[in-house]
Structure formats: structure tokens, C-alpha cells
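Please open the structure in your viewer and keep the sequence panel beside it. The tour below goes from one selection to the next and says what is found at each stop.

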Amino acid sequence: MSATPALIEADRLSVQVPTGRLPFSQKAPLSILINVSLSIRPGEIVCMVGESGSGKTTFGRALLGLIKPSAGSITLDGAALPDFSNRSFRAVRRQAALLFQDPLSSFNPRQRIGAMIAEPRRIARSGSTRMQDIAALARQAGLSERLLARFPHALSGGQARRAAVARALSVVPRLIVADEPTAGLDVSIQGGVLNLFLDIREQHDTAFLLITHNLSVVRHVADRIVILYLGRVVESGPAAEILASPRHPYTRALLESEPVPDPARRRAEPPVIGEVPSIAARPPGCEFHTRCRHAQARCRSEAPRLADGPGDRQVACHFPLPEPQPAARGSLRLVSN
Ligand SMILES: Nc1ncnc2c1ncn2[C@@H]1O[C@H](COP(=O)(O)OP(=O)(O)OP(=O)(O)O)[C@@H](O)[C@H]1O
């Protein structure tokens, strides 16, 4: 394990939302995140991976105080936030930038792109807001200078995403939380954004939490991976190790469901990914058992705990997969409910 202290650390963070509108119809609150722990060191790129609805966005927002956690704690530079008040999170937000999944939703429709990119510098009174410097910042994010005079509605999805990246870099933060940073971008531009992240990390030791279900993003940049399923961590550890030998059947199935570009290596049948159960009706025992071919009686009744090891890895499975055999690829299938 690295001795570098964590920049930010979440310990058993949980998020619940109330259900029912009237006092008489109130039910138990719905758990969206359950005991998620994660630490990010300076300069580290952590990828949080999971299918849609697994709680990735909720975690990113809770870490920055945009959603109030219901339990757990957050530590910044070794000091625990005293509570989850706005005031406590101010320290986190001063050091972090969030790239939203839908960048346009975070833009002021009446503000020109150039002014929007310059705004963090103006507020922090740090860095030049001269047009030529803002244009250089935009170019760094792959955004043409001619777009700086436009309003947000006149940008394409890809241009909006690059504008959001340029704004995040306006005052280079110590942490960037990027929610699906390559969604909707052409493959060539996706690579550009990821390479830009790597450059920023190189130059400024900026840490990243990348929220994604795109495994090619993970392969390209991740130092560490955290896999979420129904709001719980099911596996985490160094990216190279997890990609080479996943231990949780869910992680393995996610990797198996990646498109195979080589037609000669086409599988006999595609992995069958069943529906994710609703968080309002969590299966008993291991919540993944309804989709797991390896499930045994114990999995249906007893929830596995997230166990440490080997090394810096963690897995929540009663019967974790062994080191892969050379012929193992394609042998595991997810089954629908
Ligand atoms: N305010 C809310 N009230 C009720 N349910 C919510 C609320 N916010 C999120 N959820 C539910 O919590 C679950 C996790 O949502 P979240 O957006 O964090 O997942 P995600 O992994 O980021 O998904 P995606 O990849 O689709 O963005 C989903 O089932 C979602 O419907």
C-alpha cells in the first residue's frame, strides 16, 4: 500500500432518500449508497464503475456535498469534516471541480462560453482572465477559440463537454470528479479528453474520480478501480490487477461484456446481462446472486462482507473467482432473473 496520505477519503458513506410524500404513506427510506469507502491520493486516478443506477453519480455528488450523506464520514487532507453542513463542504469544493454528466445543465444559458471559462479565475482572483489566456485554456481542452463568443445553446454536446473541461481547469483543482466524461463524444475526442486528464495529473498532481461504465476509459487511465453494485462496493483494487484477474463474478461479467473488436475472437454467444434488481426490492443475501451463475445456497441467504486481500484488493463474494485460467475467457455468463 502506498504511504502517500489520502487527499480525500470517504468512510462508510451512505445516502438514503425518503419515500412517500404524506406522513401516513411514509415508508422506510430508500438506500442508494451503502457504506461506500474510498480514498483518493494526490495524482491518483480512481475509476468508479457500475451499471446504470448503481449509485456512481450519487457517490460523486455526496463526496462534494451536493447530496447530503445519511451516514459515514469524509476526511480531507487527514482532517475529518465535522459534519455534512454546507460550511464543512466549502473546504472540499474549494479544492475540487465536478464535471457533470450533462455539462449543459451546469451552464448559465445567458453567459458566453469565454466568460464562463474565466469565471472560476475571477472568483478565486487567481490566474489571468485575458481573452488570449482563456483562449489558450480552451485550446488545451480541445475547444476552438471561435466558440468562446457563443452562448451554451449554440454548442454541440462534444463542444459543451470540452467547455466544461476548460472551466474545470480554469483554476486547476486538486481533485476533479468527472461523471461520464467521455459520454457522447467521438472516439477520437474521447482519447483527447482522457489524455488531457493524464497531462493535468502529470503537471499538477491533480487527482481524479472518474465515474463511468465505459471500460475502455478505465483501461486507458485508471490507477485504481471501485466496482459498485446496487450502491455497494463489490470489488476494489489496483486497476491492472482487477482488469487482469477480476475476483467478483460481477466484475468479470462487466469485463466479459466489453465489445470485442477482433471478429476472429467473436464469442459463441454474447454475455447475457439480466436486469439490475430495483434498489427498492433488494434481493436477500448477496444482492448479485440473482444474476450470478456461481451462486450457491449460502449466497441466497447470507450477505458477503467486503473482505481485504490479497494485497490492496477487496472483494465482497462468498466464492471469489480464482486466478483466471488461460481458457477461462467466455466461460462466465450473467443470467437474467
Ligand atoms: N432523489 C432520488 N430519489 C429516489 N431515487 C433516487 C434519487 N436519486 C437517485 N436515485 C436512484 O438511486 C439509484 C442510483 O442513481 P445514480 O444516478 O447515482 O446511479 P448511476 O450509477 O450514476 O447511474 P447512471 O450511470 O445511469 O448515471 C438509481 O436507482 C436512481 O434511480
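**First stop: a loop residue**

Select Leu230, which lies in the loop between E9 and E10; helices (H or I, at least four residues) and strands (E, at least two) are DSSP runs, numbered from the N terminus. Leu230 has a positive phi of about 50° although it is not a glycine. Is Leu230 buried or exposed? Leu230 counts as buried because it has 22 C-beta neighbours inside 10 Å; the terms are set so that a residue is buried if 20 or more other C-beta atoms lie within 10 Å of its own, exposed if 12 or fewer, and partly exposed in between, with C-beta atoms placed from the backbone.

**Before moving on**

What you see is a predicted model, in which local features need pLDDT of at least 70 and side-chain atom pairs count only at pLDDT 80 or more, while totals for chains, interfaces and linings use all residues. Residues are numbered from 1 along each chain as its sequence is written. If you colour the protein chain by pLDDT, which is the predictor's confidence in each residue, from 0 to 100, the average is 87, and 88% of the residues score at least 70. Select residues 328-333 to find a stretch where pLDDT stays under 50. For the complex, the predictor gives an ipTM of 0.95 and a pTM of 0.88. The protein chain holds ten helices and twelve strands, and buried residues make up 39% of its 337 residues.

Between them, 21 residues of domain 1 are in contact with 21 residues of domain 2, where contact means that the C-beta atoms of two residues, placed from the backbone, lie within 7 Å. On the side of domain 1 that touches domain 2, at least two residues each are supplied by E2, strand E9 (224-229), strand E10 (232-238) and helix H8 (239-244). The largest share of this side, seven residues, comes from E10. By residue type, the side of domain 1 that touches domain 2 divides into twelve nonpolar, five polar and four charged residues; here Ala, Val, Leu, Ile, Met, Phe, Trp, Tyr, Cys and Pro count as nonpolar, Asp, Glu, Lys and Arg as charged, and the others, Gly among them, as polar.

**An open sheet**

Next, show the open sheet of four strands, which has the order E2-E1-E4-E5 with antiparallel pairing; two strands pair if DSSP finds at least two bridges between them. Strand E2 (30-40) and strand E5 (79-80) are the edge strands, each pairing on one side only. Moving across the sheet, strand E1 (residues 8-17) and E2 pair in the antiparallel sense over seven bridges, and Glu9 has Ser39 in E2 as its bridge partner. E1 also pairs with E4 in the antiparallel sense, over five bridges, and here Ala10 stands opposite Ile74 in E4. Strand E4 (residues 71-76) is joined to E5 by two bridges, and Leu76 has Ala79 in E5 as its bridge partner.

In strand E2 you will find Asn35, which has a positive phi of about 50° although it is not a glycine; Asn35 is partly exposed, because 17 other C-beta atoms lie within 10 Å. In strand E4 you will find Thr75, which is partly exposed, with 16 other C-beta atoms within 10 Å. Which residues does Thr75 touch, not counting residues up to four places away in sequence? Thr75 touches Glu9 and Ala80.

**Around the ligand**

Now select the ligand and the 13 residues around it, of which Ser52, Gly53, Lys56, Thr57 and Thr58 come nearest; a residue is near a molecule or strand if its C-beta atom, placed from the backbone, lies within 6 Å of it. E2 and helix H1 (56-63) are the elements that give two or more residues to this shell, and H1 gives the most, with three residues. The shell around the ligand divides into four nonpolar, eight polar and one charged.

**Last stop: a cis peptide bond**

Finally, select Gly309 and Pro310, which are joined by a cis peptide bond with omega about -5°. Pro310 has its place in the loop between strand E11 (307-308) and strand E12 (314-315).
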